[in-house]
Amino acid sequence: MINWRVKSLDAILATAEKKSLHRTLGAFQLTMLGIGAIIGTGIFVLTAAAAQKAGPGMMYSFIIAGFVCAVAALCYSELVAMAPVSGSAYTYTYAVMGEVMAWTVGWALVLEYAVAAAAVCVGWSGYVMGLIQKATGFVLPEALSHGPAWSIVGGMPSVDFSHGVVNVPAIIVALVITMLLVKGTSESAKVNSILVAVKVTALSAFIVITLPMISGDNFTPMLPNGWIGTQGSGVGVVGAAASIFFAYVGFDAVSTAAEETKNPQRNVPIGLIGSLGICTIFYMLVAAGVVGSVGAQPITSITGAVLSPDSAEFVLRCKELAAAGSAPIVCSHEALAEVLSKLHYDQISKLVGLAASIALPSVILMMIFGQTRIFFVMARDGLLPEKLADIHPKWKTPWLMTIVTGIFVAIAAAFFPVGQLADISNSGTLFAFFMVAIAVLVLRKTDPNRARPFKTPVVWLVAPMAAGGCLFLFFSLPTIAQLVLPIWGSVGMVIYVLYSRKHSHLGKAIAAQEAAKK
């Protein structure tokens, strides 16, 4: 049946050998790529959104999200070591559950990588504009520095242009990073390593300054919005975990570089687990510094109602508090720099803002990198136009695919706020992680004798925890983010039926075999 076209791991590896990417990356570069993809908007920007949803309880949110990512990383590592080719969850699903599910996962990964890149572009915009304002006093009009606010009103999407129209700085950084990736993977990795060093230095300075200034009073009340908010609200500790999950997910972008990695069976698992472990330590220390030094209690409406950090009412309330000179950290677009300003470390605040402005593009780079490699493999399989998979004769990169992806990222960054982009990205990511966990279990049954250079420990416990954790967080996202996944998936299925099914290389091979038998 067409719904169960399965491309074996042997066939996947053979396809990769025919049209492959150049292997240039080692364990250190992969770990740096992972750190570059993970540490970014999630901690530099979304800390404020997490505080609005959970207050000091966001400390628990980081633990919950980090745990789900850790068990998912163990599942990823086994599959990557078995099939060190580009494609991430798309490739693994193709080998286990067939073409239709693989297409669904590949299509969902657009939400993870491209939309995540757009979210980081918006986060970068907030930092760079704040830095420019502090240095020169120049303020770009809101209409050109913020996208509109989106919400669900009466069951229908609603857009509010009163606080922004188009985010021009976000468009610019998206296009610049796209051009860098067109130029070459090796060059991109070298630039990324420098940016990672800048980013880690900034976070280390923040930790050293804020941890000695922690006050226990700032952790009370610890759970102002409780553990779980109302269905679809996205607030509470678990709702914040579903959003802050975005801060961790870059680790799986390492797997998309498997086909460009030397000794991938050894180096890819090191890059995956090493980068996740390093970043988790940073996150917990930074979150403790934010909460303990200046407090992180959420703001409410005049009537005491909990406000979503992406709502027009929240933006208006923050402006009112700013006018009164009492805007809390939850209102900031540059949370870590704002914390240091409140602690009267103005010069260091500017340096942290500068570091974020310089280093956040490394996350955009890795997200667009990951997206283009997934599209590359889908085109190589015939599910997307093969012309998109053309390798540039000089730069040895999928240049056309990279340009198309960069344009998509720029458009999304221009018209959506960072928090909603992060939640939408999470919906696709959680679906992909869920499928990876299931794929590990299925392959243990269907192909138990295949060599596994890395084996997920206690797989019958770890993989179900990863799958269950992903479902739990998905249904804790705001309603608008939950709705995007099935809507986006429906669009993808239309494309599959009209184009991909007919052009699939695997489908053509199966048809040829059936014709030969007749």
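A crossing is left-handed if the near helix is turned anticlockwise from the far one by less than a right angle, and right-handed if clockwise; helices are DSSP runs (H or I, at least four residues), numbered from the N terminus. The model is predicted, so that local features need pLDDT of at least 70 and side-chain atom pairs count only at pLDDT 80 or more, while totals for chains, interfaces and linings use all residues. Residues are numbered from 1 along each chain as its sequence is written, and side-chain values use heavy atoms, without hydrogens and water.

**Exercise 1.** Describe how α9 packs against helix α17 (residues 399-415).

Step 1: their axes, lines fitted to C-alpha atoms over the stretch in contact, lie 8 Å apart at an angle of about 165 degrees. Step 2: α9 and α17 are therefore roughly antiparallel, a term for angles over 145 degrees. Step 3: the crossing of α9 past α17 is right-handed. Step 4: the contact (heavy atoms within 4.5 Å) involves residues including Ala170, Ala174 and Leu175 of α9 and Ile403, Gly406 and Ala410 of α17.

**Exercise 2.** Describe how helix α7 (residues 99-136) meets helix α9 (residues 168-183).

Step 1: the two axes come within 8 Å and cross at roughly 115 degrees. Step 2: α7 passes α9 in a right-handed crossing. Step 3: Cys121, Val122, Trp124, Ser125 and Met129 of α7 touch Pro169, Ala170, Val173 and Ala174 of α9.

**Exercise 3.** What is the mean pLDDT (the predictor's confidence in each residue, from 0 to 100) of the protein chain?

The mean is 83, and 88% of the residues reach 70 or more.

Definitions and conventions
Axes are lines fitted to C-alpha atoms, for helices over the stretch in contact, and angles run from 0 to 180 degrees between N-to-C directions. Helices (H or I, at least four residues) and strands (E, at least two) are DSSP runs, numbered from the N terminus. Angles under 35 degrees count as roughly parallel, over 145 as roughly antiparallel, 65 to 115 as roughly perpendicular and the rest as oblique.
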